[in-house]
Amino acid sequence: MNLDDLDSIKSGVAQLTSKLAAFAADSESDSDSSQLDVLMNNAGVMALPERTVTKDGFEAQLGINHLSHFALTGLIMNGGLLKPDAKVISLSSSAHSIASARGGVDFSDIQSERGYDAWKAYGASKLCNLLFARELQRRYGGGGKITSTAVHPGVVRTDLARYIFGTSTEDTDNPDVSSDDGNPIAKFFKKTALQALALFIKDVESGADSQVWLASGGAKKEGIDVAGKYVVDMKPVKPSDAGTGETAAQNLWKISEALTGIEYLES
């Protein structure tokens, strides 16, 4: 499934539906094996240096980080593939505060057509993740139907930063600095910056702690309410002011339905 292509998402959900039905038919368990316990919206790109678009013409950070997950979640829910008490976990980021500091999501230019700034677009997409998680909970979380939560995993040792440093944070001890056109000073500072960054980033296992805690029901076991909340290091925290806007969340929902052509069924 390619999350930069709505047709691929639709095809992927159709395949998932068939596989779950086949698994349920073959399962000897009494539990309903044709539905999911957890949906983890985890795909993403960060700070693409130039404005690029998905197959459907969406600005790539908005399209991959937010609209793809909006579409995927909607198709899965409309198909009845989530259990009544399922958990929907959407990865946001503390970078949503970048958009918050600039007044929130710019709905008049949500696809950065008038001007593109890599970090502004990334921050807006992460704010969209947060607003989506909150609005999903408001619309569908009543009566224990689902629990929707946004998560900031922290800075994690993955290749997400490849567009920033020209290398992956997976290899900060021996970073690739070959793209600096032979400039020894640029290479030195880039390598030094990456090695310094390594002191503050998490390994992949630690970066997944909050997600695993939520997915495995850790919050419920500890009596912590995470419905519609923003979680950092396995604790609900207050997001930036723009991350709590109900009107913005509702506007984003309407725009996302219009752009993707996917309307969620009534709860």
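Modeller: This is a predicted model, in which local features need pLDDT of at least 70 and side-chain atom pairs count only at pLDDT 80 or more, while totals for chains, interfaces and linings use all residues. Residues are numbered from 1 along each chain as its sequence is written, and side-chain values use heavy atoms, with hydrogens and water left out.

Biologist: What volume does the second largest pocket have, and which residues lie nearest its centre?

Modeller: Rolling a probe the size of a water molecule over the atoms shows where empty space is left. Here the second largest pocket has a volume of about 310 Å³, taken as the space filled by probe spheres set on grid points joined across faces, edges and corners. A pocket is an open set of points on a 1 Å grid over the protein atoms alone where a 1.4 Å probe fits, with protein on both sides within 12 Å along at least five of seven lines, and lining residues have an atom within 4 Å of a point. Its lining has 16 residues, and Asp 85, Lys 87, Thr 147, Lys 220 and Val 226 lie nearest the centre.

Biologist: Which residues have the most contacts inside the largest nonpolar core?

Modeller: In soluble globular proteins, nonpolar side chains tend to be buried together. A nonpolar core joins buried Ala, Val, Leu, Ile, Met, Phe, Trp, Tyr and Cys residues through side-chain atoms within 4.5 Å, buried meaning under 20% relative accessible area with a 1.4 Å probe, protein chains only. The largest has 36 residues, and Ile 76, Leu 82, Leu 136 and Tyr 264 have the most contacts inside it. Leu 82 touches, among others, Leu 36, Ile 76 and Ile 146, a contact being heavy atoms within 4.5 Å.

Notes
Buried < 20%, exposed > 50% of the residue type's maximum accessible area, 1.4 Å probe, protein only. Lists of a residue's contacts leave out its neighbours within four places in sequence.
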